[in-house]
Amino acid sequence: MQPELVLASGSPRRQELLSQLGLSFRIQTSQADETVEQNLSPATFVEQLALKKAKAVARSCQSALVIGADTVVVLDDEILGKPGDQTVVKRMLTRLQGREHQVYTGIALVQVHDEKVVRELTDHKRTTVWMRRLTPEKIEWYAGTGEPLDKAGAYGIQGFGACFVEKIEGCYFNVVGLSISLLDEMMEKIGFSLVEDFRSGTKVL
Ligand SMILES: Cc1cn([C@H]2C[C@H](O)[C@@H](COP(=O)(O)OP(=O)(O)OP(=O)(O)O)O2)c(=O)[nH]c1=O
């Protein structure tokens, strides 16, 4: 019997991406403690956090395939997470404008059978984003929209933030918070097909 697909994420973007693919899944937001060791590389950082989120949800599952994810922006070797308030939004965008940065998203898959973890897999992808020059007025306006508050690096490429992105190199969905191609690749590694095994029938994309 197929395990149930569970998305351990409160991110509306991750939920939409899986829904648009026509997948059948349940959402269970992770209450994981999101602290990790200092000085980790961005790749290890996002993989460890993704695994923490997936494991926290897996603990309450009987038979499931749990997906966890974490996204950060990296500029000058510094990890930028979600800004949380307007002052940090403006500071982040002032640093990001007119330059390139990297977006890392880690994905973790945790398979549970009979309430036991039988498999864990983590991986990540990196996308480079070039942001155009922004005036202080433009930054002020964007901060006022509220859009950047809950997004790593204080912008959403899928929203008004698209106006600032000149080009990207790598997976677009990785920037939005979940690389579908990486997820499919990881599913294959543990013997599942994302679309064939978890299809609900209503595909929007
Ligand atoms: C750079 C960028 C990030 N983001 C989002 C994706 C993630 O939701 C968020 C980074 O925060 P995360 O901590 O990765 O995720 P989250 O707190 O939203 O959800 P959860 O921990 O429950 O899974 O930033 C965009 O939506 N668009 C973008 O262009």
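**Fold, helix packing and ligand shell**

The protein has seven helices and seven strands (DSSP runs numbered from the N terminus: helices are H or I of at least four residues, strands E of at least two). This is a predicted model: local features need pLDDT of at least 70, side-chain atom pairs count only at pLDDT 80 or more, and totals for chains, interfaces and linings use all residues. Residues are numbered from 1 along each chain as its sequence is written.

Colleague: Is α3 parallel, perpendicular or oblique to α4?

Modeller: Helix α3 (residues 86-96) and helix α4 (residues 136-145) pack at about 140°, axes 10 Å apart. Axes are lines fitted to C-alpha atoms, for helices over the stretch in contact, and angles run from 0 to 180 degrees between N-to-C directions. Under 35 degrees counts as roughly parallel, over 145 as roughly antiparallel, 65 to 115 as roughly perpendicular and the rest as oblique. That angle therefore makes α3 to α4 oblique.

Colleague: Which residues of α4 make the contact with α3?

Modeller: Contact requires C-beta atoms, placed from the backbone, within 7 Å. From α3 come Gln86, Val89, Lys90, Leu93 and Thr94. From α4 come Ile139, Tyr142 and Ala143.

Colleague: Which element gives the most to the shell around the ligand?

Modeller: Ser9, Gly10, Ser11, Ile157 and Gly177 come nearest among the 25 residues around the ligand (C-beta atom, placed from the backbone, within 6 Å). Elements giving two or more residues are β3 (64-75) and α5 (172-176). With four residues, the top contributor is β3.

Key. Two residues are in contact if their C-beta atoms, placed from the backbone, lie within 7 Å.
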